[in-house]
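Please look through the sequence and the model shown here before reading on. The report below then takes up some of the contacts between side chains, one group at a time.

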Amino acid sequence: MVIQSDAYRRFEKEALLHCPKMEPITRKVNVSAKFYMKTRRRVDLVNLLEALCDVLKLAGIVEDDNSNIIAHHDGCGVYYDKENPRIVVEIYEVEE
C-alpha cells in the first residue's frame, strides 16, 4: 500500500479545483506540461508528471493514465517563477 505525503495530498486537492468538468478523453493524446516552480530546488520531472497524470485521471479528464491514452509527454519541462508558480498543461490528440 502506498501512502501519499501531505504535500502530495495538498497538491492533488488544489489541482482538482482547477480541472474543468468534461467528458473523459478516451483517445491517444500528448500531455505537455510546463511546471513553474517557486524555488530553484531540484525536482524530479518524472514524479511531477506522475502526479499530474494521477490528477487528470481522478478529475475525469482522461479515462485512464496508461499509455493507451496518455501516449506522449512531449514538450514538458521544469522552470522557475518565484512570483507565479503554476502548471501549464496542454493536451493534444495524436495520430495512432
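This is a predicted model: local features need pLDDT of at least 70, side-chain atom pairs count only at pLDDT 80 or more; totals for chains, interfaces and linings use all residues.

The side chain of Lys57 meets that of Asp64 in a salt bridge, with 3.7 Å from N to O. Asp64 has a relative accessibility of 24%, so Asp64 also counts as partly exposed.

## The other salt bridges

How many salt bridges does the structure hold? There are four of them, and the pair of Lys57 and Asp64 is one. As a general point, side chains of opposite charge can pair when their charged atoms come close.

In another of these bridges, the side chains of Arg9 and Asp6 meet at 2.3 Å, again from N to O. Both residues belong to helix α1, where they are three residues apart, or about one turn of the helix. Arg9 counts as partly exposed because its relative accessibility is 41%.

Arg27 and Glu93 also form a salt bridge through their side chains, at 3.1 Å from N to O. This pair links distant parts of the chain, since Arg27 lies in the loop between α1 and β1 while Glu93 lies in strand β4, 66 residues apart. Arg27, with a relative accessible area of 40%, is partly exposed, whereas Glu93 reaches 55% relative accessibility and so counts as exposed.

## Aromatic rings and charges

The structure holds two aromatic pairs. In the pair of Tyr8 and Phe11, the ring centres are 6.4 Å apart and the planes meet at 50°, so the pair is tilted. Tyr8 and Phe11 both lie in helix α1, which covers residues 6–17, and they are three residues apart, about one turn of the helix.

Arg40 lies over the face of Tyr80, at 3.8 Å from the ring centre, and the charged end of Arg86 sits over the ring of Tyr36, 3.8 Å from its centre.

## The nonpolar core and a surface patch

In soluble globular proteins, nonpolar side chains tend to be buried together. The largest nonpolar core of this model has 18 residues, and Val62 and Ile70 are those with the most contacts inside it. The elements that give two or more residues to this core are β1, residues 29–37, and α2. Its largest share, six residues, comes from α2.

Helix α2 covers residues 45–58 and includes Asn47, which is partly exposed because its relative accessible area is 45%. Asn47 and Asn66 are 19 residues apart in sequence and 15 Å apart in space, from C-alpha to C-alpha.

Some nonpolar residues are found on the surface, where Ile87, Val89 and Ile91 form a patch with about 180 Å² of accessible area together. Ile91 has its place in strand β4, which covers residues 86–93, and at 31% relative accessibility Ile91 counts as partly exposed.

Note on methods:
Residues are numbered from 1 along each chain as its sequence is written. Side-chain values use heavy atoms; hydrogens and water are left out. Rings of Phe, Tyr and Trp (its six-membered ring) pair if their centres lie within 6.5 Å; planes under 30 degrees apart count as stacked, over 60 as edge-to-face and the rest as tilted. Helices (H or I, at least four residues) and strands (E, at least two) are DSSP runs, numbered from the N terminus. A charge sits over a ring if NZ of Lys or CZ of Arg is within 6 Å of the ring centre and within 35 degrees of the ring normal. Buried means under 20% relative accessible area, exposed over 50%, partly exposed in between (1.4 Å probe, protein chains only). Patches are made of residues with over 30% relative accessible area and no salt bridge: like charges are joined within 9 Å, nonpolar side chains (Val, Leu, Ile, Met, Phe, Trp, Tyr) within 5 Å. Accessible areas come from the Shrake-Rupley method with a 1.4 Å probe; for residues, only the protein chains shown count as cover. A salt bridge is a side-chain nitrogen of Lys or Arg within 4 Å of a carboxyl oxygen of Asp or Glu. A nonpolar core is a set of buried Ala, Val, Leu, Ile, Met, Phe, Trp, Tyr and Cys residues joined through side-chain atoms within 4.5 Å.
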